Amino acid sequence: LATMWLAPNVLTVLALSLWTHSAWTMLGHHISHGGYNRTDQSGRFNSRGFAQGSLWRRMVDWLDWMLPEAWNVEHNQLHHYRLGEDADPDLLERNAESWKGGERYTMPFLSMLLWKWAYYAPNTYKELKLSDMRRSGAPLPDGFDPKAPLTVGE
């Protein structure tokens, strides 16, 4: 906050970016995996209630593009239990097979910058909705490939 008046505001942007990334990777990731379930007596950092239940809890615990419930389905249930298999939603080989020619060199760099917004947030939401549909017995839409990555713009 002390550097907000600076122009250009590079230091503040970097500090906020580092905090957001650190909070997600060191807190959100481990809490969602249940890493603090038995050590946190307050229950605030329990995987079953973290960032869930109200908009306030979501904003305080997990101010991010992804829904924590969607991340739990995509990452905890699908990715970790199918790591490296064709059913793994994060299988890089499948998700990048459409990159041809020069895209094979440019897309990894673009992905580093845009991955969370353009791929991960919509894909985790897709997997949450697919999980809901399977649980309720609803049929998938005609021509829908559940293994295909969902990205912004498609």
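This is a guided tour of the predicted model, one selection at a time.

**Before you start**

The model is predicted, so local features need pLDDT of at least 70 and side-chain atom pairs count only at pLDDT 80 or more, while totals for chains, interfaces and linings use all residues. Residues are numbered from 1 along each chain as its sequence is written, and side-chain values use heavy atoms, with hydrogens and water left out.

**Whole chain**

Show the protein chain as a cartoon. It has five helices and zero strands. Helices (H or I, at least four residues) and strands (E, at least two) are DSSP runs, numbered from the N terminus. Read along the sequence, the pattern is α-α-α-α-α. The C-alpha trace spans about 50 × 45 × 25 Å along its principal axes.

Colour by burial next. Of the 154 residues, 30% count as buried. Buried means under 20% relative accessible area, exposed over 50%, and partly exposed in between (1.4 Å probe, protein chains only). Now consider contacts, meaning heavy atoms within 4.5 Å. Among contacts with a separation of 6 or more, 47% are between residues 24 or more positions apart.

**Select 103-136: helix α5**

Helix α5 covers residues 103-136 and spans only 39 Å between its end C-alpha atoms. A straight helix of 34 residues would span 50 Å at 1.5 Å a residue. That expected span is 1.5 Å times one less than the number of residues.

Where is the kink in α5 centred? Go to L114: the kink there is about 90°. The bend at a residue is the angle between axes fitted to the seven residues ending there and the seven starting there.

Now pick out the buried residues of α5. They are K116, Y119, Y120, A121, P122, N123, T124, K126, E127, L128, L130 and S131. Their cover includes α1 (10-32), α3 (68-79) and α4 (92-95). Step past the end of α5 to G137, whose phi is positive, near 80°.

α3 and α5 pack at an angle of about 85°, with their axes 7 Å apart. Axes are lines fitted to C-alpha atoms, for helices over the stretch in contact, and angles run from 0 to 180 degrees between N-to-C directions. The two helices are therefore roughly perpendicular. Angles under 35 degrees count as roughly parallel, over 145 as roughly antiparallel, 65 to 115 as roughly perpendicular and the rest as oblique.

Show side chains at this contact. From α3, take E69, A70, W71, V73, E74, H75 and L78. From α5, take Y120, N123, T124, Y125, E127, L128 and S131. By class, the contact has seven nonpolar, four polar and three charged residues. Ala, Val, Leu, Ile, Met, Phe, Trp, Tyr, Cys and Pro count as nonpolar, Asp, Glu, Lys and Arg as charged, and the others, Gly among them, as polar.

α1 and α3 pack at an angle of about 80°, with their axes 11 Å apart. That makes α1 roughly perpendicular to α3. W24, H29 and S32 in α1 meet W71, N72, H75 and N76 in α3. This contact has two nonpolar, five polar and no charged residues.

**Finish in the loop between α1 and α2 (55-61)**

Select Y36, which lies in this loop. Is Y36 buried or partly exposed? Partly exposed, with a relative accessible area of 29%. Leaving aside neighbours within four places in sequence, Y36 is in contact with M26, L27, H30, I31 and F45. The C-alpha atoms of Y36 and N46 are separated by 6.2 Å, although these residues are ten apart along the chain.

Last, select A51 in the loop between α1 and α2. Most residues other than glycine have a negative phi. A51 is not a glycine, yet its phi is positive, about 65°. A51 counts as buried, at 2% relative accessibility.
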